[in-house]
Amino acid sequence: MSTAAFAPWLGLCRAAADEVRAALAEAPTRAERERSGGIGEGGDETAAVDTISEQIVARRLEALHHEGYDFILVSEELGMRSFGRNPARQVVLDPIDGSVNAKRSIPYYSLSVAVADGPTMGDVVFGFVHDFATGDEWTATSGGGAALNGRPLRTEAPKDPPEILALEATCTDLIAQRASSLIGLSERLRVLGSLALSLCHLAAGRVDGVCSLREIRSVDVAAAQLLVREQGLAIELASGEFLQAPLDLGRRSVVVAAASPSTCAQLALAVTS
């Protein structure tokens, strides 16, 4: 599918990213961004920065629905909401991927939106990731390839075995527990703070592998995984078949991605055994 087929969704994502950036500029301090918004449907505490972004995207999605588009929204904070009577299409939203970075104004966080024609990861047909620090726009369509800022993403493939491995979903104890098991699998580690962006950088060959050290939800990877797959790279869940993973908030799993399935298998074993 070409990007043109998803023009309404791309336009929505771009407009939402611009609006979120402007809203964040009006809340520049850590105190403003860290303010608690309660517990989201995903089970994690919601910060003001997440709530601001989610409300903006949700308003635009509701407006698109009124134009005749039906879908189920799957969002980290709002949970699952149906727009229409029996919609088959799903929209998977992570309003701020890299919330800790966003709250502390560390320039590595993103807006992630995926559109799927069914309930599983393999049904994702459009992915959009916006890097708020650089302004880079990462997109992919199923069978139509991946793009960076509107241009086809043609880069050197990630190194296999990996030279640089990006770790995500990290806490100090998890790094301490797992780092030694990665000796011999990768020369260098990076801990950047946005799983969606790290997967985009893998798709661009900037890093050579990505591992989450704790179980993550569909919203964290639904958009960026399409860039990885459209680039012919491998991505897997430690707990089962990636393409069959549901796009709801119920299932969590460690995710690994790299240049080849064999390297994915090695990384999955290293971070889960």
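In what order do the five strands of the open sheet lie? The order is 12-11-13-15-14, and the pairing is mixed. Strands here are DSSP runs of E with at least two residues, and helices are DSSP runs of H or I with at least four, both numbered from the N terminus. Two strands count as paired if DSSP finds at least two bridges between them.

The model is predicted: local features need pLDDT of at least 70, side-chain atom pairs count only at pLDDT 80 or more, and totals for chains, interfaces and linings use all residues. Residues are numbered from 1 along each chain as its sequence is written, and side-chain values use heavy atoms, with hydrogens and water left out.

Axes are lines fitted to C-alpha atoms, for helices over the stretch in contact, and angles between N-to-C directions run from 0 to 180 degrees.

Within this sheet, strand 13 (residues 209-212) is antiparallel to strand 15 (residues 255-258), with three bridges. V210 has A257 of strand 15 as its bridge partner.

Two helices lie across strands 11, 13, 14 and 15. Contact means heavy atoms within 4.5 Å. Helix 6 (residues 195-203) runs at about 160° to strand 13. Helix 8 (residues 261-272) runs at about 145° to strand 15.

Another antiparallel pair is formed by strand 3 (residues 71-75) and strand 4 (residues 79-83), over five bridges. A hairpin of three residues joins them. I72 has S82 in strand 4 as its bridge partner.
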